[in-house]
Amino acid sequence: MTEDAAARQFRGGVPDDYERRMVPLMFQPYADDMVARAVARHPAAVLELAAGTGVVTRGLAAALPPESTLAATDLNPGMLAVAEARGAARPARSSDVVWRTADALDLPFDEGSVDLVVCQFGVMFFPDRPAAHAQVRRVLRPGGTYLFSAWDSIAANAIALAVDEAYRRVLPDAPPNVITRVAHGYHDPDAIRRDAEAGGLVVDAVEGVELIGAADSAEAAAAAIPRGTPMRAELEPLGDETRDRIEAITADLLRQRFGTGPIRTPIRAFVVTAHR
Ligand SMILES: C[S@@+](CC[C@H](N)C(=O)[O-])C[C@H]1O[C@@H](n2cnc3c(N)ncnc32)[C@H](O)[C@@H]1O
């Protein structure tokens, strides 16, 4: 599955399972970190790209001062529908979050209109990353900041690694799955830096950030990726039985590695700070 095809699979049953299973497992910890980085810059106008079901948006809405503005965008209306349904509480006297379906490669915002752009775990799905970065550069005011993140390889992310091992055991002849190829396929810090510079941005830092992924059980961790990501579209034509076998093997692998109780494992990503 290509980046573009994967990007379009955050739909159907994925948004609900993404919010319920993936967000607490591995996205909330990075959202907390991203919000702290964003708020420390005291932006007046914030734009979020690939906001998904709104885990970063909720944090920003609660932490930004009332006089700031916040627009949250995503390619897939189904993801934003879950985000909007959960709501995002803003401090008193502030305007509401503006939710808007938008492709990061074609941003419907004016040149120089934003102080800060945030994009958590979206860039891996952009088919042309320098072009997407050029869009960010255009909408940022001179000196404005872009914060974005991308997962490190599956070797540094034990839950994704276990899912991939199980997938390859059950489907030995299948091509590399979307998690290996796309979600965890953009992890060369030099390439990340080069793409941002090719889009006209100045890169301040590409940091490896290790946090903790957590789930109540191996079963809960094992079910998240097959149901709450574009892997769902790869598995659906093969039937529930195939998905269930992959989840059972994944849960066994996680129990062998992390024990039979709740799962706690290091997860690793790159967080990039750049500016116009
Ligand atoms: C892994 S999710 C991350 C969502 C959210 N930022 C979070 O941290 O939970 C990736 C998101 O990227 C969105 N996406 C993929 N390609 C996109 C594009 N070209 N423009 C805007 N959003 C895109 C998907 O719809 C999906 O919501």
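This is a predicted model: local features need pLDDT of at least 70, side-chain atom pairs count only at pLDDT 80 or more; totals for chains, interfaces and linings use all residues.
Let's start with proline 130, which counts as partly exposed, since 16 C-beta neighbours fall inside 10 Å. For the partly exposed class, the count has to lie between 12 and 20. Proline 130 has its place in helix α5, residues 129-139. If we set aside residues up to four places away in sequence, proline 130 touches Asp195, Ala198 and Gly199. For a sense of scale, take valine 56: proline 130 is 74 residues from valine 56 in sequence, and their C-alpha atoms are 23 Å apart in space.

Now let's turn to histidine 184. Is histidine 184 buried or exposed? Histidine 184 is buried, because 23 other C-beta atoms lie within 10 Å, and 20 or more is what that class asks for. You'll find histidine 184 in the loop between α7 (178-183) and α8 (189-198). Beyond its neighbours within four places in sequence, histidine 184 is in contact with Trp151, Ser153, Ile154, Asn157, Ala160 and Ile179. Histidine 184 and aspartate 16 are separated by 168 residues in sequence and by 21 Å in space, C-alpha to C-alpha.

Aspartate 16 is one of the α2 residues in the contact with α4, on the α2 side together with Pro15 and Glu19. Across from them, α4 contributes Gly78, Met79, Ala81 and Val82. The axes of α2 and helix α4 (residues 77-86) are 8 Å apart, and the two helices pack at an angle of about 50°. That angle makes α2 oblique to α4. The crossing of α2 past α4 is right-handed. By class, this contact has four nonpolar, one polar and two charged residues.

Helix α2, residues 14-39, also packs with helix α9, residues 218-228. Here the axes come within 9 Å and cross at roughly 145°, and the crossing is left-handed. On the α2 side, the contact is made by Val14, Asp17, Tyr18, Arg21, Met22 and Leu25. From α9 we have Ala221, Ala223, Ala224, Arg227 and Gly228. Sorted by class, the residues of this contact are seven nonpolar, one polar and three charged.

What about the ligand? There are 23 residues around the ligand, and Ala7, Ala50, Gly52, Leu75 and Ala104 come nearest. The largest share of this shell comes from α2, with three residues. Both α2 and α3 (55-63) supply at least two residues each. The shell has 17 nonpolar, four polar and two charged residues.

From α6, the residues involved are Ala158, Ala162, Val163, Glu165, Ala166, Tyr167, Arg169 and Val170. They meet Thr242, Arg245, Ile246, Ile249, Thr250, Leu253, Leu254 and Arg257 in α11.

Notes:
Residues are numbered from 1 along each chain as its sequence is written. Axes are lines fitted to C-alpha atoms, for helices over the stretch in contact, and angles run from 0 to 180 degrees between N-to-C directions. Helices (H or I, at least four residues) and strands (E, at least two) are DSSP runs, numbered from the N terminus. A crossing is left-handed if the near helix is turned anticlockwise from the far one by less than a right angle, and right-handed if clockwise. Two residues are in contact if their C-beta atoms, placed from the backbone, lie within 7 Å. Ala, Val, Leu, Ile, Met, Phe, Trp, Tyr, Cys and Pro count as nonpolar, Asp, Glu, Lys and Arg as charged, and the others, Gly among them, as polar. A residue is near a molecule or strand if its C-beta atom, placed from the backbone, lies within 6 Å of it. Angles under 35 degrees count as roughly parallel, over 145 as roughly antiparallel, 65 to 115 as roughly perpendicular and the rest as oblique.
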